[in-house]
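Subject: Structure for your review

Dear colleague,

Please find below the structure that I am handing over to you. My findings follow it.

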Amino acid sequence: MTSPRRGNPARSGSTALLGAAGLAGLLLVMELAPRLGLVDERYLPPASRIAAALAEEAGTPAFWTALTDTLIAWSAGLAIAVGAAVLAGIVIGSIPVLRSLTASTIEFLRPIPSVALIPLAVLMYGTDLGSTLLLVCYAAFWQVLVQVLYGVADVDPVAFETARSFRFSAWGRIRHVLWPTALPYVFTGVRLAASVALVLAITAELVIGSPGLGKEIAVAQASEAVPTMYALIVVTGVLGVIINLLARTGERRLLAWHQSVRGEVTA
Amino acid sequence: MLEVKGLRKVYRSGNREVEALRDLTFTVDNGELVCLVGPSGCGKTTLLRCVSGLLDPTAGDVRVDGKPVDGPPPGMAVVFQEYGRSLFPWMSVRDNVELPLKQKGVGRARRRQLVEQSLDAVGLTGTASAYPWQLSGGMQQRVAIARAVAYEPQTLLMDEPFAAVDAQTRADLEDLVRELWKRLGVTILFVTHDIDESVYLGQRVVMLSTSPTVVQEELAIDLPDQRDQLTTRADPRFIQLRTRVYEQIQAAKRNAVH
Amino acid sequence: MNVVKRILLAVALPLILFAGWYLLSAGSESFYSPPLEKILVAFGDTWSLDRLRADVAPSLLRLFAGYLLAALIGIGAGVAIGMNRRLRATVEPVLEFFRAIPPPVLVPVIMLFAGIGDAMKVIVIVFGCIWPILLNTVEGVRAVDGVVLETARSYGVNGVARITKVILPSAGPQIAAGLRQALSIAIILMVISEMFAASNGLGFTIVQFQRSFAIPEMWSGIILLGLLGFVLSLLFRLAERRALRWYEGLRAAQRQS
């Protein structure tokens, strides 16, 4: 029996409508609550004033510099982490001894909160980009590594034996057997890491004061420019949503060929 | 008595309408075992969901002992086809059987007794503390039957309960249903797409047309009350009856094409 | 033999790394990476029982208070939203937006409302943790099998029992995934909120060490924080495995068939 639940254009249309209504409702509440005195206007300015502050920010070059800085730290950190994690994951994953040797260490290092490294980052790099990169890389690295390890473990032993019986070289086995199997997992890891990397990039800027949106938020807070602060927070949220959407659609596009039936391994 | 009168169900999605059931009328007397059989996709499941009060019909009504059904009636138990999904995997066999009794407010000692008795009755003595997924498919369906039996229903609805088990298990379970029915005196409405099964089990077979569904024909099964897999299925009368049902189902399919 | 081998494999690399660090840093003159020996001595000196009580205990209390509150509200609201299709469609974009905001930027906002006391830190943790719990609960409740719900209905499992015996257990694995994500966010926010404004707590103390260039002490704080993260995630895993034993078994059974 097919349940008339999904894939119905009328339903999905009304879903989008309801979602838009929800967002409009949020804006309305944010506009009215301060205006009606339900919350102090100094703490939560009306939505229209936040929007005005956002428009004003968007007119300043400083905002765009900060946004670019954040995106550079995010993308560079993510790229380094993905590269290192994929390499490490394939090496560790395809050599059984290494795998069992490193399992406990990975399990120990992974849950260490990356913010523990903030003092270290400050001492090593001060308020440079390096501080942000260190935190972003550390946090994103584990997300990808764990997924790559799952992916390598998922390689069908029969496929591997086949490749060996045809005397594939080690590189050929990795290139033609291991990599295609692990690829969907790599994408999942990248998607998870992309969100984490943004969180850590902004956190580092906020706490350490390295250049970027996070620092601008700290500055706005210190100078009591409350609407500006909210405007910048909205920007970080929108950035997060965009990264999420891009990562998800990218993953789906690239993996359209792959009959992916595995359950997602949540890290 | 279970009465289905002028039952009609139309699914609406957007501005498209699908008429699943057109006009169904039949009754099941107290203590009777009636099989509903029809071609695949004939709305058997829709019908059963209407009878069990899980789905509101578009028109017509279902009555149990004269009372209209507008939600799952208290004296009715359902055995679903998808035993793997109908049994709760987070509960042991015992808890699965016991939960409906708890909801009904049955006392602790009596619950114990009912759970034990019903598991014994379906041949699952000693599996009470296992989880359903530790059992084979046939045994899981036995748990689902035990759950229904422990509920002490007056009416038992079975929705293609054996469609997903292998042939040998299926024969065993058919005999189990006959045996429980005779012992407990419940009314059973048994939905199936298997013609032999309907003739073997039922006192009466109600044949359905293809969707939009109407009752194609009703047939009394005048086989001896004592049935078993070997002799009954070899009985010439059994073969006549199953041929009759088969012809009707084929006729129903042909009519649908025109 | 097998057990011995597994234990050896598990401890070998940590021991090598530890020994490597110890030996390489032994004669270190570097200001930023002092010898491990000094860090270990500092660890013993710094994290005395009094210090643990004065700085670590308040941190942990705030962490648990915030986390538990977030779990209660998140699961409660998640069940309500997940059970109602229209409500879900209405609020989901808003919730996705809130989840996408990097949680630490909430600290300055909540400081406006709640000052810099314990309340602020707990609220920060609640606000940061709640989204993954809430959204995962919504998703878990939405995905409860239709046959499960119909079975419950036809056997008269309604009201409270429907939620506690049917919907929550069924959504359990997904809820646990949300709780796991939330735990690491909670630890991050505990530290960050203390780095911003506090007079005690683990984050506060570590930053104090860094600012006063008490490097071995700072390192010892980082190690303590790491240990804390490890122990908490270990405890979570143990609790999860206990609560979701049925799920592991079910999955294993499904893989076999």
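In this predicted model, chain A has 10 helices and zero strands; helices (H or I, at least four residues) and strands (E, at least two) are DSSP runs, numbered from the N terminus. The pattern of chain A along the sequence is accordingly written α-α-α-α-α-α-α-α-α-α. Taken along the principal axes, the box filled by the C-alpha atoms of chain A is roughly 75 × 60 × 30 Å. Chain A comprises 267 residues, of which 44% count as buried (under 20% relative accessible area, with exposed meaning over 50% and partly exposed in between; 1.4 Å probe, protein chains only). Of the contacts (heavy atoms within 4.5 Å) in chain A between residues at least 6 apart in sequence, 71% join residues at least 24 apart.

As to conventions, residues are numbered from 1 along each chain as its sequence is written, while chains are lettered from A and ligands numbered from 1 in the order in which they are written. Local features need pLDDT of at least 70 and side-chain atom pairs count only at pLDDT 80 or more, whereas totals for chains, interfaces and linings use all residues; side-chain values use heavy atoms, with hydrogens and water left out.

The unreviewed UniProt entry annotates residues 12–30, 71–96, 108–127, 133–153, 182–208 and 228–247 of chain A as "transmembrane region"; its positions are given in the numbering used here, feature names are shortened, and annotations may be inferred rather than shown by experiment. Residues 182–208 of chain A are 100% helix and 0% strand, with 36 Å between the end C-alpha atoms. Residues 228–247 of chain A are likewise 100% helix and 0% strand, with end C-alpha atoms 28 Å apart.

Between chain A and chain C, 50 residues of chain A are in contact with 52 residues of chain C. The buried area is about 4600 Å², and carbon and sulfur atoms give 76% of that area (accessible area, 1.4 Å probe, that two parts lose on being put together, summed over both). There are zero salt bridges between chain A and chain C, a salt bridge being a side-chain nitrogen of Lys or Arg within 4 Å of a carboxyl oxygen of Asp or Glu. On the side of chain A that touches chain C, two or more residues come from each of α1 (9–35), α4 (96–109), α5 (118–125), α8 (170–208), α9 (213–222) and α10 (226–254). The most come from α10(A), which gives 11 residues.

Over all chains, the whole structure holds 32 salt bridges. One of them pairs B:Glu197 with B:Arg170, the closest N and O atoms being 3.1 Å apart. B:Glu197 is in helix α7 (residues 195–201) and B:Arg170 in helix α6 (residues 167–184) of chain B, 27 residues apart, and both residues are buried. Another joins B:Glu174 to B:Arg233 at 2.8 Å, N to O. Because B:Glu174 lies in helix α6 and B:Arg233 in helix α8 (residues 231–234) of chain B, this pair ties together parts that are 59 residues apart in sequence. B:Glu174 is buried, at 3% relative accessible area, while B:Arg233 is partly exposed at 25%.

In chain C, C:Arg180 forms a salt bridge with C:Glu240, with 2.9 Å between the closest N and O atoms. C:Arg180 lies in helix α8 (residues 159–196) and C:Glu240 in helix α10 (residues 215–243) of chain C, so the pair ties together parts that are 60 residues apart in sequence.

Yours sincerely
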